[in-house]
Amino acid sequence: MARLEAGRLVYPFRGHVRRQVLALAWLLCSTSREVQTYLQVASLKDLNVEEDKWVQQLYAHVSGRAHPSIELLPARPQHLIGRDALVQEIVDQLCSLEHGVCALTGMPGIGKSAVASVVVHHLVAEGYSRVFHQGIITISCKGRRGTRGLLSVLHEVIRLLSPSQKHDVPEQSDGTLPFWLDHMDIHLSGLIDQVRILLMDKSILFLLDDLDAQFPLRTALDALLGSTRHNAVHPTEHRQGVARHVVLTTSRHIPSPTFLSYHHHLQPLMHHNACALLYSLSSSTCATAPLALHAEEQEQATARICDALGNHPLAIELAANSVVGRGIPLDLLATNIALDPFHPVLDNNGELGALFEHAFSNIGHEQQQHFALLALLGPQAFSLESAAALIQSEQWEQLESFSCLISARPGQRATAELERLPDPDNQRKGSAEMTRADNPYVSFQTLTSTALELGYLVNDSLLERVGPDDRYSSSDEQLYQLHPLLYAYARNRVQRLPASYLDAVWSNFQAYMTCFYK
């Protein structure tokens, strides 16, 4: 080192001195970035085979060192039945990514956060965390919306990655809204750049839990997944020197597929797994009273409860709590749940109801009414045309050609004017296939507006798309279906609507069905 400082060595280094300078990198470098910088300033280029092998070993050495890592993990759920294969699949996908997003979506209470929690704990327990040297960071995004929500997330990331640095939130120095908005945009740009710099040469997994539909995910990913690769000073840069930035998200809202590397839309548990979960929870050793049913009766009651709850994990946990914590007989619970899954015998504290109320809090009043009307179609799958005829039927009063339908009542025959409506069979004669725009009973505009409303519900995991389920459906027909809990929620809401409004809607819908079948 003294000879180097005194300038007594020939530069660029050669022979034995070159080997000694290269060996010093093992003592002076602790990260892959420092290795790159060292090789560049030492002008160690055009490596021979032996030197290249030595540098590869050095990269492996610094990448495998114990880095100060962050393990900010959520609480691990005690019971997660029927998700083992999914958990392992997500673990494999996260470890295969260098930069990317894996999204977990699904209806409220389906277990998105529970699965994500088990995934990150599995990464740590099984040693997979070595893939993410600088750690795993969990950030709850509940209630964080818009730019302000994004700013709070970025500030939290910066505090975690540089705890010794002082972080000042800018004050509003001008009372005008335009000034504040401009100032916030400038501040956001600065934070994005700061996060990118802090993430350079780091391998981190972020868990963004419970994302809101109004959270600016695109901008957040621009900061968290921003490219941090440096140009290699030689063509043999080791792969382990490349940073990994991976984001795992949970949300009811389904993100744009352009953001995602992997997407898992969680479905309810398989029926046997749901029954196993309920049985394991209600048969817990901490139960205050034994189950007063024979094995066969208990099995039947358990199956009825799981069917009525649509194999929904959170609802099943509440059912077990009713049995274990409050001593509700299993058969009595099954009977009440079959009538109303939101009955206090199951949801004593209103947890399930509050969960669904919150899910619909961002939806307008009129759209909530339209969702409630879907209960009139029953629990089975329904078509876009059926929903349009039901949801938009109150608008038919404005259409002169459908004025005859307004007066129709259950049990009445269609009027003579109804018989003059276009015949679908005659329309099919003029073309090989009848399009939705040719529908003589529901206008194309009504179909479009209904499709938009249903699409919003699908995107928020409040309605499921299903394939054709009988021989009367065309092969490409798109059907929709409500989960049993969402159907029960819609049924409860429809009972709050004015009777006169429901009477008009139902009458018009019956007239539509008469016209359709005729």
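I began with strand β5 (residues 245-251): seven of its seven residues are buried, so β5 is largely enclosed by the rest of the structure. By buried I mean under 20% relative accessible area, with a 1.4 Å probe and protein chains only. I checked both faces of β5: H245, V247, T249 and S251 lie on one side, V246, L248 and T250 on the other, and all are buried. Strands here are DSSP runs (E, at least two residues), as are helices (H or I, at least four), numbered from the N terminus.

A note on the source: this is a predicted model, in which local features need pLDDT of at least 70 and side-chain atom pairs count only at pLDDT 80 or more, while totals for chains, interfaces and linings use all residues. Residues are numbered from 1 along each chain as its sequence is written, and side-chain values use heavy atoms, leaving out hydrogens and water.

Next, which strands pair with β5? I found seven bridges to β2, in the parallel sense, and six to β4, also parallel. Two strands count as paired if DSSP finds at least two bridges between them. A103 has T249 of β5 as its bridge partner, and L207 stands opposite L248 in β5.

Then I traced the whole sheet: it is open, with six strands in the order β1-β3-β4-β5-β2-β6 and parallel pairing. Its edge strands, each pairing on one side only, are β1 (70-72) and β6 (262-265). On average, neighbouring strands are turned by 20 degrees against each other, direction ignored. I counted four bridges from β2 (residues 99-105) to β6; T105 has H265 of β6 as its bridge partner.

Helix α7 (residues 146-161) packs on this sheet, touching β1, β3 (135-140) and β4 (204-211), and its direction makes about 150 degrees with that of β3. Contact means heavy atoms within 4.5 Å; axes are lines fitted to C-alpha atoms, for helices over the stretch in contact, and angles run from 0 to 180 degrees between N-to-C directions. The buried residues of α7 include L150, L154 and I158.

My last stop was α14 (residues 351-359) with α21 (residues 484-494): their axes are 11 Å apart, at about 80 degrees. That makes α14 roughly perpendicular to α21, a label for 65 to 115 degrees. L352, F356 and E357 of α14 meet L485, L486, Y489 and R493 of α21.

How values were computed. Parallel < 35°, antiparallel > 145°, perpendicular 65-115°, else oblique. Buried < 20%, exposed > 50% of the residue type's maximum accessible area, 1.4 Å probe, protein only.
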